Amino acid sequence: KSISAKLSKLEEMAEGKVKERLEDIAWSIVKWSPVDTGAYILSHSLVPSGFGGGRKRSSKNKPRNQDEGVYRAEAMQQLKADIEALDLKETSSALFRNRAEHAPKVETGEAWTNTDGYWVYTKVGDVYG
């Protein structure tokens, strides 16, 4: 019984550490994401690998120059909910994704963004591997 209890405690600790790491990654994604209409930042999701879903917001007909703080807080709240919902005992891997139609343009840069790209997911890969 003692070994079972210890193993259970170790599983809980490991799950907590994994979720802490996922939350660190989520904070970085939110921090490095631009906010204009809010569609890009609110389209970030954490989903089990092989899962076809995730959030997808459109920027069409949305007002520009929105309050960054409001959208960053909402995006982080959504990602925290994704992390908490992730069943680590049943999921061997998961991935952060952004399904907004304009996500590739935000990531790599296009003329309309007036940037060379934000490279959010590239930075995450560089920092967190």
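Ile3, Leu7, Leu10 and Met13 make a nonpolar surface patch of about 430 Å² (patch residues have over 30% relative accessible area and no salt bridge, with nonpolar side chains joined within 5 Å; areas are from the Shrake-Rupley method with a 1.4 Å probe). Leu10 belongs to helix H1, residues 2-32 (helices are DSSP runs of at least four residues and strands of at least two, numbered from the N terminus). The model is predicted, with local features requiring pLDDT of at least 70 and side-chain atom pairs counted only at pLDDT 80 or more. Residues are numbered from 1 along each chain, and side-chain values use heavy atoms, without hydrogens and water.

His44 lies in strand E1, residues 44-48. Because its relative accessibility is 0%, His44 counts as buried (under 20% relative accessible area). The side chains of His44 and Ser33 are joined by a polar contact of 2.8 Å (a pair of N or O atoms within 3.5 Å, one able to donate a hydrogen and the other to accept it). Beyond its neighbours within four places in sequence, His44 is in contact with residues including Ile29, Arg55, Asp82, Arg97 and Tyr121 (heavy atoms within 4.5 Å).

Glu107 is placed in helix H3, residues 103-108. Glu107 is buried but has no salt bridge (a side-chain nitrogen of Lys or Arg within 4 Å of a carboxyl oxygen of Asp or Glu). The nearest side chain of opposite charge, that of Lys123, is 8.4 Å away. A polar atom of the Glu107 side chain lies 2.9 Å from the backbone nitrogen of Val120. Apart from neighbours within four places in sequence, the contacts of Glu107 include Tyr40, Gly117, Trp119, Val120 and Tyr121.

How values were computed
Buried < 20%, exposed > 50% of the residue type's maximum accessible area, 1.4 Å probe, protein only. Lys, Arg positive; Asp, Glu negative; His and termini not counted. Patch = residues over 30% accessible without salt bridge, like charges linked within 9 Å, V, L, I, M, F, W, Y side chains within 5 Å.
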